[in-house]
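The tour goes from stop to stop, with something to select at each one.

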Amino acid sequence: MSDLVCPQNTIAVLQKYNFRFQKKFGQNFLIDAHVMDKIIAASGVQKNDFVLEIGPGIGTMTQYLCEHAKYVAAVEIDKNLIEILHDTLSSYDNVEIINEDILKVDIAGLVQEKNGGKPIKIAANLPYYITTPIIMGLFENHIPAESITVMVQKEVAQRMKAVPGTKDYGALSLAVQYYARPQIIANVPANCFMPRPKVGSAVICLTRHDTPPVHVQDERLLSAVIRAAFNQRRKTLANALDHCTQIGLGKEQLQECIQKMNLPAAVRGEELTLEQFGMLTDLLDQHMHADHISLE
């Protein structure tokens, strides 16, 4: 393995291919071996694992994954990196390079074809501008993944792990924690990348729950309730939900549901736990179905 995490080797590869970083793809290549070791250790990748890597870049992490895993599928959107990847990964026969936008890849189909539908592990140095769509897409599409170990913007990692009543707590916190247990593995300064990003970074491991910690009758309604509660987070919960078209209940009915949970009328969404959002969602669901039946 040629150690691409070494800055001199990264520079040599980039110069060899006259590669130019493209801002639109959010490209920042990791050049710190200690951080790389932490990512690989946190991912828990073993010899019988199928790994999906999102955004391999020049193959820095991919080489490490190939050394540890049974098979690696590396999805890279930038066609200018494909020739480089074929070069840097030429000594491995357990890797497939896919030149696609990860948001358009049939990941479930890929997992079925390459791993018989069995759970995979996901590792990535994610482009920060589309971190949330990628992660939520993996969860909401029920991709069979044991864990997702990713480099993200530090503030995003803090939001994923945040608890009720804190400034970082919001819709992303609840959405992630519904599907997985988040653990921040390491904070990563800007000088660990080439080029240096303008923000701090963090490695976070999201370990998938076997079953969600909260059971609701309608998972989509839960998502809608959470989003509505934080769309205008300074509003009371009743006022925020009053603007949610997917609920379609009047203000009095909303307040009645909140009151049934022994919550104050002026409560805000940022004060509720995931369990309370689950209870509220089922109460709202019952009211919605009752109204529908009465109209019939």
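For sorting residues by class, Ala, Val, Leu, Ile, Met, Phe, Trp, Tyr, Cys and Pro count as nonpolar, Asp, Glu, Lys and Arg as charged, and the others, Gly among them, as polar. Keep in mind throughout that this is a predicted model.

**Stop 1: the largest pocket**

Select Phe25, Gly26, Gly55, Asn125 and Pro127. Of the 35 residues lining the largest pocket, these are the closest to its centre. The pocket has a volume of about 500 Å³. Now colour strand E1 (29–30), helix H2 (33–43), strand E2 (50–54) and helix H3 (60–68), the elements that each give two or more residues to the lining. How many residues of the lining are nonpolar, polar and charged? The lining divides into 23 nonpolar, eight polar and four charged residues.

**Stop 2: the second largest pocket**

By class, its lining has four nonpolar, four polar and three charged residues.

**Stop 3: Thr10**

Go to helix H1 (residues 7–16) and pick out Thr10. Is Thr10 buried or exposed? Thr10 counts as buried because its relative accessible area is 0%, and buried means under 20%. To see what surrounds Thr10, show Leu4, Ile31, Ile58 and Met194, which are in contact with Thr10 when neighbours within four places in sequence are left aside.

**Stop 4: helices H7 and H8**

Two packed helices are described by the angle between their axes and the distance between the axes. Select helix H7 (residues 154–161) and helix H8 (residues 171–179): they pack at an angle of about 65°, with their axes 6 Å apart. The crossing of H7 past H8 is right-handed. Show side chains for Val156, Arg159, Met160 and Lys161 in H7, and for Leu172, Ser173, Val176 and Gln177 in H8, to see where the helices meet. This contact has four nonpolar, two polar and two charged residues.

**Stop 5: Asp168**

Finish in the loop between H7 and H8, where Asp168 is found. Beyond residues up to four places away in sequence, Asp168 touches Gln158, Arg159, Ala162 and Ser173. Then select Glu270, 102 residues from Asp168 along the chain; the C-alpha atoms of the two are separated by 9.5 Å.

Conventions: Residues numbered from 1 in each chain as written. Predicted model: local features only at pLDDT ≥ 70, side-chain atom pairs only at ≥ 80, totals over all residues. Heavy atoms only, no water. Axes fitted to C-alpha atoms, helices over the stretch in contact; angles between N-to-C directions. Helix = DSSP H or I, 4+ residues; strand = E, 2+ residues; numbered from the N terminus. Left-handed = near helix turned anticlockwise from the far one by under 90°. Contact = heavy atoms within 4.5 Å. Buried < 20%, exposed > 50% of the residue type's maximum accessible area, 1.4 Å probe, protein only. 1 Å grid on protein atoms, 1.4 Å probe; cavity = no way out; pocket = protein on both sides within 12 Å on 5 of 7 lines; lining within 4 Å. Points joined across faces, edges and corners; volume = space filled by probe spheres on them.
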